[in-house]
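Here are my notes on the model, point by point. Please read them with the structure open.

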Amino acid sequence: MQYAILCYHSEDVVCSWTKEEDDAVMSKLMVAQDGFAKAGKLGPVARLMPTTAATTLRKDSDPPLVIDGPFAETKEQLLGFYIVDCESLDEVLGFARELARANPGGAYEIRPVAFFQSGAASSAEMA
Amino acid sequence: MTDVPGIEKILSAARPKAIAALVRNFRDLDAAEDAFQEACLRALKTWPVNGPPRDAAAWLIFVGRNVALDTLRRKRKEEALPSEETISNTEDAEGRMAEQLDDAHYRDDILRLLFVCCDPVLPSNQQIALALRIISGLSVKEIARAFLVSEAAMEQRITRAKRKVGVSQVPFESPGAVERSERLAAVATVIYLIFNEGYAASGGSAHVKTMLCEEAIRLARLLLRLFPGEPEIMGLTALLLLQHARQKARLDADGAIVVLEDQDRSLWHSGFIAEGLALIDKAVRHGRPGPYQVQAAIAALHAQARHSEDTDWEQIDLLYGTLERMQPSPIVTLNRSVAVAKVKGPATALAMIEPLDAQLSGYFYFFGVKGAFLMQLGRISDAKVAFDQAIARANTAAEAAHIRTQIDRLIRESEKGGVTAIT
């Protein structure tokens, strides 16, 4: 089954990391992902820009309303996600725990994926 | 991240919110700072054991208030002190506090605090110092180092600023729309000044300079998070990100200035550029242009050129024209002339800046640009006079050395028939 791991963390904290601190976390995360990547269990991985770059299209009105900022103001913000292919929730949790050791603080929300289309725009340069 | 450096990050990230709420509570900057300081000490004691709370700012505000009340009680000797556990064990209180401390609440508190520090009655160097001390929480020593003054002098500057700004004079009710936008504009100006202080090529170590630029970006993002729909705040944030993206390429190994044209563009920070471009894209949709958006758009055109030859000077000239109309200033015209020289040639550019002579007679960059145009026109001896004037007006030895290097280069290039400008 495919799962999405949604990464929540305090943007105030993450945005105050220096370049060196940020690089250190990113490289620890790369190491943590390595096993899954080699086993072919790792799908797309994305880090999102700060919520200040977000735009929300409210489609509960007609025509839909464009609003600046994220959909919800929360204490911790959605800052990225992983798609993984796992046998069980336990396996995903194990992976998430490894990620957590590399990047403590905040939370991972694990959501089974109901429909997934990998699409063509998947190159690393897209970022 | 429950080790001490991790906790310090969390504390500094929570600082603006916490101080802002404590200022509302105590109506006094010093009292708010003291309470925050106390709360931080308790956090450093209890968080490594219990783990940091989910809402660090709410915890700090709650504990800060209690500690202050406590001190007050101790002074009055009215009742016995609550035990350490009572004060520190505030996890349960968070839920209750959440409703009082929603983001709308923080929003006006933080804007008020920013505005108090950026009060237009203060000279700009005091505004900057106060903002860095109170909101960013930089130490007096760090700020003093950034401004190349002694710690004692900086302490005095901050104390003087605190005395002048009356926290009580800024009303605590939610501001009206007009007032809010005036406050926003004042705060944006100070954030821009902080960034410029860090971006300026002269004075202070590279490390200190970077810290100021990063702090300005942090404040701009904070402001934008509070006011996500303000296109000028998007523009400001984009401008700072796009400028800061070039930071690594702006100085060579010896610390000498590398002009935009000569920068190794592979050293530019692609993440900051992408974020800056995304923000401009968002801002432009509002159809409410302003000076920050226009400057950001100019920076974006530079950022998007893979090689300096690819720069869209025509568009840059048009944008400077817009900026001149919005915010007429001889400096803007001078900057525009560099683009004009690229598009229409040095004669037109020179004619454009010659009337600025009287206004910019003390500005080294004016004579540098003028000299470059004269050189391109083959008026070598006039060019040399202008360059000498530029050197005489350089603020630092580094600036003078920079001009000399540029002159040498211009002379070499004019011999080869090349065209360039000192920027």
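1. Nonpolar cores. The largest nonpolar core has 118 residues. Such a core is a set of buried Ala, Val, Leu, Ile, Met, Phe, Trp, Tyr and Cys residues joined through side-chain atoms within 4.5 Å. Buried means under 20% relative accessible area, exposed means over 50%, and partly exposed lies in between (1.4 Å probe, protein chains only). Val84(A), Trp47(B), Leu60(B), Ile191(B), Ile194(B) and Leu223(B) touch the most other members. Helix α11(B) gives this core its largest share, 12 residues.

2. Basis of the values. This is a predicted model, in which local features need pLDDT of at least 70 and side-chain atom pairs count only at pLDDT 80 or more, while totals for chains, interfaces and linings use all residues. Residues are numbered from 1 along each chain as its sequence is written, chains are lettered from A and ligands numbered from 1 in the order in which they are written, and side-chain values use heavy atoms, with hydrogens and water left out.

3. Chain B overall. Chain B has 20 helices and zero strands. Helices (H or I, at least four residues) and strands (E, at least two) are DSSP runs, numbered from the N terminus. Of the 423 residues in chain B, 51% are buried. Take the contacts (heavy atoms within 4.5 Å) in chain B between residues at least 6 apart in sequence: 63% of them join residues at least 24 apart.

4. The interface. How many residues does each chain bring to the contact? Chain B brings 22 and chain A brings 25. About 2,300 Å² is buried between the two chains, and carbon and sulfur atoms give 54% of that area. Buried area is the accessible area (1.4 Å probe) that two parts lose on being put together, summed over both.

5. The rule finds six salt bridges between chain B and chain A. A salt bridge is a side-chain nitrogen of Lys or Arg within 4 Å of a carboxyl oxygen of Asp or Glu. One joins Asp55(B) to Lys75(A), with the closest N and O atoms 3.5 Å apart.

6. The chain B side. On the side of chain B that touches chain A, α1 (4–26), α11 (206–226) and α13 (270–284) each supply at least two residues. The largest share, five residues, comes from α13(B). By type, this side has nine nonpolar, three polar and 10 charged residues. Here Ala, Val, Leu, Ile, Met, Phe, Trp, Tyr, Cys and Pro count as nonpolar, Asp, Glu, Lys and Arg as charged, and the others, Gly among them, as polar.

7. Two salt bridges to inspect. Arg225(B) meets Asp12(A) at 2.2 Å, N to O. Arg225(B) lies in helix α11 of chain B and Asp12(A) in helix α1 (residues 11–14) of chain A, so this pair joins two chains. Arg225(B) is partly exposed, at 23% relative accessible area. Glu76(A) meets Arg54(B) at 2.9 Å, N to O. Glu76(A) is buried at 14% relative accessibility, whereas Arg54(B) is exposed at 63%.

8. A network within chain B. Salt bridges link Arg15(B), Asp30(B), Glu33(B), Arg133(B) and Lys162(B) in a network. The closest N and O atoms of Glu33(B) and Arg15(B) are 3.7 Å apart. Glu33(B) sits in helix α2 and Arg15(B) in helix α1, 18 residues apart. Glu33(B) is buried at 10% relative accessibility, and Arg15(B) is buried at 7%. Over all chains the structure holds 29 salt bridges.

9. Backbone points to check. The peptide bond from Asp62(A) to Pro63(A) is cis, with omega near 0°. Pro63(A) is in the loop between β3 (55–58) and β4 of chain A. Arg27(B) has a positive phi, near 55°, and is a residue other than glycine. Arg27(B) is in the loop between α1 and α2 of chain B and is partly exposed, at 44%.
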